[in-house]
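Please take a moment to look over the sequence and the structure shown here before reading on. The paragraphs below are meant to be followed with both in view.

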Amino acid sequence: RNPRRLIRAIEIVKHTGKPVPEAAGAPRYNALLVAIKKSDTELKKRIHARLCTRVKRGMVQEAKKLHASGVSWKRMEELGLEYKYLARHLQGTITKQEMIKTLDVKIYQYAKRQLTWFKKTPNVHWESERKKIERLIRVFLSA
């Protein structure tokens, strides 16, 4: 149902003379997939704490050095979420507090998108309690 993939598969077969390996199917390894569940409040708190730690450890100075080494403001905005708002702060278009507040929101939104993506992964055990996670691991390792 996907012409691009079909054409690519035909090209591979013609070139190698071998069938195209299946991308999906049975997993290669027996693995335990565990995801740690956090409440939205806890997630926001952890994101804010991590951001504050990064700012205290020199995130702004790192961005200044990057720009001083020749990276343009436009390029910095393309490098990623944090650099986008660091560049804006260093250019004076937003204050440090506005940068932190905006990054808190944007990083949380990104984390929520990641969670949505991971929730589509089959066979993941979503747990919030350490004891339950340890029990899952013990059972998995003894099997």
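This is a predicted model: local features need pLDDT of at least 70, side-chain atom pairs count only at pLDDT 80 or more; totals for chains, interfaces and linings use all residues.

Residues are numbered from 1 along each chain as its sequence is written, and side-chain values use heavy atoms, with hydrogens and water left out.

Buried here means under 20% relative accessible area, exposed means over 50%, and partly exposed lies in between, with a 1.4 Å probe and protein chains only. Helices (H or I, at least four residues) and strands (E, at least two) are DSSP runs, numbered from the N terminus. In soluble globular proteins, nonpolar side chains tend to be buried together.

The next step is to see how the helices meet. The packing angle of α2 and α6 is about 130°, and their axes are 10 Å apart, where axes are lines fitted to C-alpha atoms, for helices over the stretch in contact, and angles run from 0 to 180 degrees between N-to-C directions. That angle makes α2 oblique to α6, since angles under 35 degrees count as roughly parallel, over 145 as roughly antiparallel, 65 to 115 as roughly perpendicular and the rest as oblique. On the α2 side the contact is made by D40, L43, K44, I47, H48, L51 and V55, and on the α6 side by K96, I100, L103, D104, I107, Y108, A111, K112 and L115; contact means heavy atoms within 4.5 Å. These residues divide into 10 nonpolar, one polar and five charged, with Ala, Val, Leu, Ile, Met, Phe, Trp, Tyr, Cys and Pro counted as nonpolar, Asp, Glu, Lys and Arg as charged, and the others, Gly among them, as polar. Within this picture, I47 touches D104, I107, Y108 and A111, not counting residues up to four places away in sequence.

Helix α5 also packs with α6, at an angle of about 165° and with the axes 10 Å apart, and the two are therefore roughly antiparallel to each other. L81, E82, Y85, L86 and H89 of α5 make this contact with K96, M99, T102, L103, K106, I107 and Y110 of α6. Leaving aside neighbours within four places in sequence, E82 is in contact with R50, R54, M59, L103 and I107.

E62 lies in helix α3 and, at 41% relative accessibility, counts as partly exposed. Q61 lies in helix α3 and counts as partly exposed at 43% relative accessibility.

The last stop is N123, in the loop between α6 and β2 (124–127). At 67% relative accessibility N123 counts as exposed, and its phi is near 65°, a positive value in a residue other than glycine. Most residues other than glycine have a negative phi.
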